[in-house]
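Here are my notes on this model, point by point. Have the viewer open while you go through them.

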Amino acid sequence: MTDLARTSAADTARLTASGDLTARVVVEEALARITERDPALNAFSVVLGEQARAEATERDAAVAGGATPGPLHGVPIAIKEEIDVTGTVTTFGGEANTTPAPADAELVRRLRDAGAVIVGKTTMPEFGAFPYTESASRGITRNPWDRTRTPGGSSGGTAAAVSAGLVPVAIGGDGGGSIRIPSACCGLFGLKPQRGRVTTAPHPHLWWALGTAGPLTRTVLDSAIVYDAIRGNVPTDLYRAGGDEPFVAAAQREPGRLRIGWTTKPVTLGVKPDPLHVQAVADMARLLADAGHDVREVDPRYPDPTAAFVPQFFAGIRTEADAVEHFERLERRTRETYRLGTWVRRGVVDWALKETEKVSAKANRVFDDIDVLLTPTIAHRPPVVGRLDGVGTVLAALRAMPAIAYAALWNVAGNPAAAVPCGTGPDGLPLSVQLVGRTDDEATLFSLAAQIEQARPWPLVAGDEA
C-alpha cells in the first residue's frame with residue numbers, strides 16, 4: 001500500500017495519471033493527515049476541504065474523459081497566506097483583510113493548470129517581516145522535528161506542512177531567506193529562484209527587487225517540476241529572469257565537474273555560525289570533492305547589502321500595509337515597523353534599487369573563479385519558539401540576524417540560492433547547507449543538488465531515518 005505521507009509529488013502525479021490512484025483518494029488522505037496532525041503544528045491557517053474534494057473529482061473526471069494529465073495531476077498543494085487563492089482572504093498572516101480574493105494569483109492558476117489541487121493556505125508572521133512564524137493572529141507554528149522549536153519563517157507554515165508529510169509540496173515566498181530558512185529548519189529542499197523567474201502577478205513585484213515565490217519540497221525533482229509549471233512572466237511583472245533550460249531536465253542530468261568555492265564567513269557582521277553548521281559545510285565540501293568537483297575555500301569579499309535591503313524591507317511592509325482593508329487591525333509590532341519606515345519614500349526606494357545593482361555586481365565577483373558557492377544556510381540552530389514574544393521591531397530584527405546572515409544578500413543580488421538538507425545534528429534537528437549559483441543558473445543548482453541527494457539521501461518526513 002502506498003504511503004502517501006512519504007510519496008513525492010512526482011510519484012503522486014505518476015500514480016494518479018496511470019489510474020493506480022485517484023486524485024480524490026490522494027486529496028482525502030491529505031485532508032485526513034491535516035486534520036490529525038496539524039493541531040499540534042499550526043501549519044495551516046485555512047483548510048479548503050470541500051473545494052479540494054471538488055477539484056480532485058474534476059481532475060479524475062477530466063482524465064477519465066481522455067484529457068492529458070498535467071505534471072502535477074492530483075497533487076495536493078498548500079499556498080502561503082500572502083498569495084491570492086480565489087475565494088479566500090489574503091491575510092498576510094493577520095486580521096487586517098476580510099474580503100476574499102476574487103481570483104487566483106497567476107502562479108496558483110498555473111499550478112491548477114498543471115493538475116495540482118489546492119488544499120489550503122499556510123501560516124506566516126504578519127507580512128513575512130521576520131524569519132519566525134509567530135503572530136498575534138495565528139499564534140505559534142511549530143517544527144515537526146521538535147515542537148518546542150520554530151520551523152523558521154516566514155514560510156514556516158509551508159515548511160511544517162511539507163516536513164510533517166501533510167502535503168508533498170507547498171508554496172512559500174522569499175524576500176530575505178524565507179524559503180531557505182524554514183527549509184533549513186525543517187530538513188527540506190528549498191530553492192529561491194533568480195529574481196524575476198516566477199511571476200508576482202497580480203502584483204508587479206514582491207518587496208521590489210527582494211522577493212520571489214516558489215516551492216518547498218522533500219525532493220529536488222519535485223521542486224524542479226513545480227518551477228517548470230510556474231516559471232515565466234506576464235506583462236505587468238517588474239522583473240524578468242534569463243535562461244530557458246527546463247529544470248526537470250537539469251535535475252535529471254549529471255552536473256559535470258564544477259568549481260565549487262566554500263566559506264563559512266557570514267555576510268552579517270557580529271554573527272557566528274553554530275559549529276554544527278561549520279562542520280556541515282566541511283563535510284559537504286569533502287563529499288563534493290569525492291564526487292570529482294574542484295572544491296576550494298574562498299573569500300567571497302561580501303559587499304554590505306544593508307543600504308539596499310533595509311529601504312526595500314520597510315517599503316515592502318508599508319506598501320502591503322497601505323493596501324489592507326483595516327489598518328487598525330495590524331499587529332502592534334507591524335504598526336511600529338510601519339512608523340519606523342516613514343523615511344522610505346519613493347525617492348529612497350529608487351536610490352536603494354540603484355544600490356541593489358551595485359551590490360549585485362560586487363557579490364557576483366565571486367563567480368569569476370567558481371561556478372557554485374557553498375555556505376551554511378543559517379547561522380543558528382532552529383531556536384525555541386517564542387522568539388518574537390513581546391518584542392518590538394528593533395529587537396525582532398536583531399533576533400533575526402542569525403537566520404538571515406547567509407541568505408539575505410542573495411535576495412539583493414538576485415541570484416538563485418538553495419537550501420539543501422545534509423542529515424541531522426546530535427540535537428536531532430536537521431542540518432542544511434546553502435548552494436548559491438550564478439545569475440540565471442538555477443539549472444546547475446538543480447543538477448548539483450540532485451547529485452547530493454543521490455549520494456546522501458535525506459529523510460522524507462520529520463523524524464525519519466535517512
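Predicted model: local features only at pLDDT ≥ 70, side-chain atom pairs only at ≥ 80, totals over all residues.

1. Residues are numbered from 1 along each chain as its sequence is written, and side-chain values use heavy atoms, leaving out hydrogens and water.

2. Helix H11 (residues 332–340) supplies the largest share of its lining, three residues; helices (H or I, at least four residues) and strands (E, at least two) are DSSP runs numbered from the N terminus. By class, the lining of the largest cavity splits into six nonpolar, two polar and four charged residues. For those classes, Ala, Val, Leu, Ile, Met, Phe, Trp, Tyr, Cys and Pro count as nonpolar, Asp, Glu, Lys and Arg as charged, and the others, Gly among them, as polar.

3. The structure holds four cavities of 30 Å³ or more. The second largest cavity has about 70 Å³ of space, and of its 14 lining residues, Gly-196, Val-198, Thr-200, Gly-211 and Tyr-239 are the closest to the centre. Its lining has six nonpolar, six polar and two charged residues.

4. Now the pockets, meaning open sets of points with protein on both sides within 12 Å along at least five of seven lines. The largest pocket has about 820 Å³ of space. Of its 44 lining residues, the closest to the centre are Phe-309, Val-310, Met-401, Ile-404 and Ala-408. Strand E6 (169–174), helix H10 (306–323) and helix H13 (393–404) are the elements that give two or more residues to this lining. The class count for the largest pocket is 25 nonpolar, 13 polar and six charged residues.

5. The second largest pocket has about 540 Å³ of space. It is lined by 29 residues, and Glu-82, Phe-92, His-203, Leu-206 and Glu-320 are the closest to its centre. Strand E8 (212–217) and H10 each give two or more residues to that lining, with H10 providing the largest share, four residues. Leu-206 is in the loop between strand E7 (189–192) and E8. Leu-206 counts as buried (under 20% relative accessible area; exposed is over 50%, partly exposed in between; 1.4 Å probe, protein chains only), because its relative accessibility is 18%.

6. On to charge pairs: a search of the whole structure finds 30 salt bridges, each a side-chain nitrogen of Lys or Arg within 4 Å of a carboxyl oxygen of Asp or Glu. Arg-180 pairs with Asp-174, the closest N and O atoms being 3.0 Å apart, and both residues are buried.

7. Have a look at Asp-440 and Arg-197 too, whose side chains form a salt bridge at 3.7 Å, N to O. This pair links distant parts of the chain, 243 residues apart: Asp-440 is in the loop between strand E13 (430–437) and helix H15 (442–455), and Arg-197 is in the loop between E7 and E8. Asp-440 is partly exposed at 29% relative accessibility, whereas Arg-197 is buried at 4%.

8. How far apart along helix H12 are Arg-346 and Asp-350? They are four residues apart in H12 (residues 346–363), so about one helical turn separates them. Arg-346 is exposed, with a relative accessible area of 52%, and Asp-350 is partly exposed at 32%.

9. Finally, Arg-24, Glu-28, Glu-50 and Arg-53 are linked in a network of salt bridges.

Note on methods. 1 Å grid on protein atoms, 1.4 Å probe; cavity = no way out; pocket = protein on both sides within 12 Å on 5 of 7 lines; lining within 4 Å. Points joined across faces, edges and corners; volume = space filled by probe spheres on them.
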